[in-house]
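This briefing is intended to be read alongside the sequence and the 3D structure shown below.

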Amino acid sequence: MATPVLKLNGKEYKAPRPTMGVWRKVIAYDDTKKEKLVDMIDGHIEILALIYGIDADEVRDNIDIADVIPSYLTAVRWVIDLTYEKMKEIPSKNAEAGQDDEQN
C-alpha cells in the first residue's frame with residue numbers, strides 16, 4: 001500500500017513510517033471508538049496527527065470535514081498493513097516442500 005498523504009491548507013504531509021508506539025495507539029483507539037460523532041471525529045483527528053507527526057490543531061483547523069474519515073481510514077489501513085509487510089517474505093510450507101499451493 002502506498003504511503004498516505006494528507007493535504008491541509010495547500011500543503012501536503014507524507015506520513016513517516018510509524019513506530020510500534022504509533023501502531024499501538026492506532027489499534028487502541030480503533031478498539032475503543034467513541035459513540036458520539038464529535039468524539040469520534042476528534043479521535044480521528046488525533047490519530048491523523050499522530051500518524052503524520054503534526055499537531056492535532058493543525059489538522060483540526062485545516063482539514064475539510066468531508067476528508068476526516070477517508071483520510072483516517074487510508075492512514076490507519078496503511079499503518080495496519082505494515083504489520084504484515086514482511087509476511088510476504090516468509091515462504092509457505094507448500095513452497096518449501098516443492099508443492100504447488102493449490103494442491104492443499
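The model is predicted: local features need pLDDT of at least 70, side-chain atom pairs count only at pLDDT 80 or more, and totals for chains, interfaces and linings use all residues. Residues are numbered from 1 along each chain as its sequence is written, and side-chain values use heavy atoms, with hydrogens and water left out.

**Nonpolar core**

- A nonpolar core is a set of buried Ala, Val, Leu, Ile, Met, Phe, Trp, Tyr and Cys residues joined through side-chain atoms within 4.5 Å; buried means under 20% relative accessible area, exposed over 50%, and partly exposed in between (1.4 Å probe, protein chains only).
- The largest such core contains 26 residues, and Leu6, Ile51, Tyr52 and Val59 have the most contacts inside it.
- At least two residues of this core come from each of β1 (5–8), α1 (20–31), α2 (37–52), α3 (56–62) and α4; helices (H or I, at least four residues) and strands (E, at least two) are DSSP runs, numbered from the N terminus.
- Helix α2 supplies the largest share of this core, eight residues.
- Tyr52 is in contact (heavy atoms within 4.5 Å) with residues including Pro4, Val5, Leu6 and Ala75, leaving aside neighbours within four places in sequence.

**Packing of α2 and α4**

- Two packed helices are described by the angle between their axes and the distance between the axes.
- For α2 and α4, the angle is about 50° and the axes are 9 Å apart; axes are lines fitted to C-alpha atoms, for helices over the stretch in contact, and angles run from 0 to 180 degrees between N-to-C directions.
- Helices α2 and α4 are therefore oblique to each other, since angles under 35 degrees count as roughly parallel, over 145 as roughly antiparallel, 65 to 115 as roughly perpendicular and the rest as oblique.
- Residues of α2 including His44, Leu48 and Tyr52 meet residues of α4 including Ser71, Ala75 and Val76.

**Ser71**

- Ser71 lies in helix α4 (residues 65–83) and is buried, with a relative accessible area of 17%.
- The Ser71 side chain reaches the backbone oxygen of Asp67 at 2.7 Å.
- Residues up to four places away in sequence aside, Ser71 touches Leu6, Leu48 and Ile63.

**Trp23**

- Trp23 lies in helix α1 and counts as partly exposed, at 23% relative accessibility.
- Trp23 touches Val79, Ile80 and Thr83, not counting residues up to four places away in sequence.
- Although 53 residues apart in sequence, Trp23 and Val76 are 8.8 Å apart in space, C-alpha to C-alpha.

Methods
Polar contact = N/O pair within 3.5 Å; in protein donor to acceptor, adjacent residues only side chain to side chain.
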